[in-house]
Amino acid sequence: MTNLRIVATGRWIIFIIAATICGAVTYFQNLVSYNYIAPQTGQHLTCTTDLVGNPDIFSVYVTDGRIAEMAREKLCSDQIIKRQYSEVKITIGQSDYDTFRYINHGVVDLALVKSNVVDAFGADQIYGLTEIASHPDYSAFFIALRERPELNKEYLLGKRIGLLDYPSSRSGHIVPKTIMQNLGLSDSNVDIIYYSSHQELRRALLAGDIDIISSYWAEDDNKKFSRNYATPLQESVSGMKWYLKMQTQNTDLFCAMQSVVHDIAMSHPRPYYKTITLEEGCN
């Protein structure tokens, strides 16, 4: 009987050891696999300068790919950047998570975002993000091709509505979604389709892919659309602003970045970006 108890006890010990080993192997296998999951964050553009031995990287955050390309070209050739930084890293934000990560955590030196993002995170007070230039506020509209959109549930029910879907446009799509929610509409009875730019919205409307778009009214719109078929949603939507981290009185950098963002604005094909106001601080 004693031998039987010893054998039974031994089997239980072996079972417990085997279970522990299997659990440990499974844990470490999963741990290794998690390390290979790519972070869900924006795309990056980089370039290096000739400043050897300097670990400082000039970090930029934007949500427009065209602006990112122009920023890399102009920043990488800027003499002040070459004197102060060894590398330029530009992040093209793809989601609200990106904006939260880069603005709230204060990891960027230059950013093009809406003022409500900086205000919400207190990034101006905490990290010294200082406005150096701004693009104008704009009015938001529902725009259709052959009739004036009505702001009532019966009209919008079942409509295909195009909205923007990138971080810098948050005010642009919060306004129409709030209006629709107030009318008792949701994704279940309205077909909401997201696009990455105002140009894509307009192309989709002209192609008949959607019935209504939410956007601003540009001067060029008079050539393809009728202002009679644009219904105002909100008179003033916060415009885009350029912010520079100014934790020190780096006046050379301040003036250089104003010059860079002004050149970007003048080179951008969209009329909206060509209208830019520079903050005082440089002669």
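**Notes on the structure**

1. Helix H9 is followed by Gly208, whose phi is positive, near 80°. Helices here are DSSP runs of H or I with at least four residues, strands are runs of E with at least two, and both are numbered from the N terminus.

2. The model is a predicted one, in which local features need pLDDT of at least 70 and side-chain atom pairs count only at pLDDT 80 or more, while totals for chains, interfaces and linings use all residues. Residues are numbered from 1 along each chain as its sequence is written, and side-chain values use heavy atoms, with hydrogens and water left out.

3. The protein chain has 12 helices and 12 strands. Of its 283 residues, 45% are buried (buried means under 20% relative accessible area, exposed over 50%, partly exposed in between, with a 1.4 Å probe and protein chains only). Among contacts (heavy atoms within 4.5 Å) with a separation of 6 or more, 79% are between residues 24 or more positions apart.

4. Helix H9 spans residues 198–207, and its buried residues are His198, Leu201, Arg202, Ala204 and Leu205. They fall within an arc of 160° seen down the helix axis, so they line one face of H9; the arc is that of the directions from the axis to the C-beta atoms. Arg203 and Ala207, on the other side, are exposed. The partners against which the buried residues pack are strands E6 (138–144), E7 (160–164), E8 (191–195) and E9 (212–215), together with helix H10 (221–224).

5. The largest pocket holds about 280 Å³ of space and has a lining of 14 residues. Gln199, Arg202, Asp220, Asp221 and Lys224 are the lining residues nearest its centre. H9 and H10 are the elements that give two or more residues to this lining, and H9 provides the largest share, 5 residues. A pocket is an open set of points on a 1 Å grid over the protein atoms alone, where a 1.4 Å probe fits, with protein on both sides within 12 Å along at least five of seven lines; lining residues have an atom within 4 Å of a point. The volume is the space filled by probe spheres set on the points, which are joined across faces, edges and corners.

6. The structure holds 4 salt bridges, each defined as a side-chain nitrogen of Lys or Arg within 4 Å of a carboxyl oxygen of Asp or Glu. Arg160 and Asp211 form one of them, with their closest N and O atoms 2.9 Å apart. This pair links distant parts of the chain, since Arg160 is in strand E7 and Asp211 in the loop between H9 and E9, 51 residues apart.

7. Lys241 and Glu131 form another salt bridge, at 3.9 Å between the closest N and O atoms. Lys241 lies in strand E11 (residues 240–245) and Glu131 in strand E5 (residues 129–134), so the pair ties together parts 110 residues apart in sequence. Lys241 is buried at 14% relative accessibility, whereas Glu131 is partly exposed at 23%.

8. Asp109 is placed in the loop between helix H4 (96–104) and strand E4 (110–114).
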